[in-house]
Amino acid sequence: MIQQPVPVNLTDKLAQFSELWSQKKIAQLNDYEVKLAKLKGEFVWHRHDDTDELFLVLSGRLTLQLRDGDVTLGPGELFVVPKGVEHCPVADEETAILLFEPVGTANTGDAGGPRTKAPEPLA
C-alpha cells in the first residue's frame, strides 16, 4: 500500500505545544532534523564545534547574541551561526523558530547543564 504524501503545516504543529525552549522534531532530511521551538527569555551561551546552526524566525523577534555583536531577526528572516561560534539566543517576546541541525545535536552545545533536552517528536 502506498502512503499518500502529506505536507507539514507549521501553524498546526506550533499549535500542538506551548513549552518554551523545548525543541519539537517535525521532519528529518537525510541526517538532519527539522525542529520547531517557542522561545522567550534568554538561553545559555554555547557553541556547536561540529556543525553550523540555522535559525529561521516564524513569528516574534529573536536576537542572537554573538561575541562580535548581535543579530536580530524578525519573521521570515534566517541566520546561520557558523560552527564553533559562541552564541546566546534571546527573545524578549514569545518567538517561534524553525531549526535545521544534524541528528543528535545538543540544544545547549558545549555548555550542557539542566537546559539540555533531546527534541521530542510531534505527530
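Which residue in S6 stands opposite Leu 54? I looked this up in the predicted model and found Val 80 in that place.

**Entry 1: pairing of S3.** I followed strand S3 to its partners. Four bridges join S3 to strand S6, residues 78–81, and the two run antiparallel. I then turned to S7, which is joined to S3 by five bridges, again in an antiparallel arrangement. For Leu 56 I noted Leu 98 as the bridge partner in S7. I kept in mind that side chains in a regular strand alternate between the two faces of the sheet.

**Entry 2: nonpolar cores.** I listed the largest nonpolar core, which has 13 residues. The members that touch the most other members are Leu 39, Phe 55, Val 57, Leu 62, Leu 64, Leu 73 and Ile 97. Two or more residues each come from strands S2 (32–42), S3 (53–59), S4 (62–66) and S7 (87–102). S7 gives the largest share, three residues. I also recorded a second, separate core of eight residues, with Phe 17, Val 34, Ala 96 and Leu 122 among them. As background, nonpolar side chains in soluble globular proteins tend to be buried together.

I then examined Leu 39 by itself. With residues up to four places away in sequence left out, Leu 39 touches Leu 20, Trp 21, Leu 62, Ala 91, Glu 93, Glu 94, Thr 95 and Ile 97.

**Entry 3: the aromatic pair.** I searched for aromatic pairs and found one in the structure. I checked the accessibility of both residues. Trp 21 has a relative accessibility of 10% and therefore counts as buried; Phe 43, with a relative accessible area of 8%, is buried as well.

**Entry 4: charges over rings.** I noted the charged end of Lys 38 over the ring of Phe 17, at 4.9 Å from the ring centre. For Arg 67, the charged end sits over the ring of Trp 45, and here the distance to the centre is 3.7 Å.

**Entry 5: Gln 23.** Is Gln 23 buried or exposed? I found Gln 23 to be buried, because its relative accessible area of 9% falls under the 20% limit. Gln 23 lies in the loop between helix H1 (10–15) and strand S1 (24–29). Its side chain makes a polar contact of 2.8 Å with the side chain of Lys 35. Beyond residues up to four places away in sequence, Gln 23 touches Lys 35, Leu 36, Ala 37, Leu 99, Glu 101, Asn 107, Pro 119 and Glu 120.

**Entry 6: Lys 83.** I placed Lys 83 in the loop between S6 and S7. Lys 83 counts as exposed, because its relative accessibility of 51% is over the 50% limit. How far apart in space are Lys 83 and Arg 47, C-alpha to C-alpha? I read 7.1 Å, for two residues that are 36 residues apart in sequence. Apart from neighbours within four places in sequence, Lys 83 is in contact with His 48, Asp 49, Asp 50, Thr 51 and Asp 52.

Notes
Residues numbered from 1 in each chain as written. Predicted model: local features only at pLDDT ≥ 70, side-chain atom pairs only at ≥ 80, totals over all residues. Heavy atoms only, no water. Core = buried A, V, L, I, M, F, W, Y, C linked by side-chain atoms within 4.5 Å. Buried < 20%, exposed > 50% of the residue type's maximum accessible area, 1.4 Å probe, protein only. Contact = heavy atoms within 4.5 Å. Pairing = 2+ DSSP bridges. Polar contact = N/O pair within 3.5 Å; in protein donor to acceptor, adjacent residues only side chain to side chain. Phe/Tyr/Trp six-rings, centres within 6.5 Å; stacked < 30°, edge-to-face > 60°. Lys NZ or Arg CZ within 6 Å of the ring centre and 35° of its normal.
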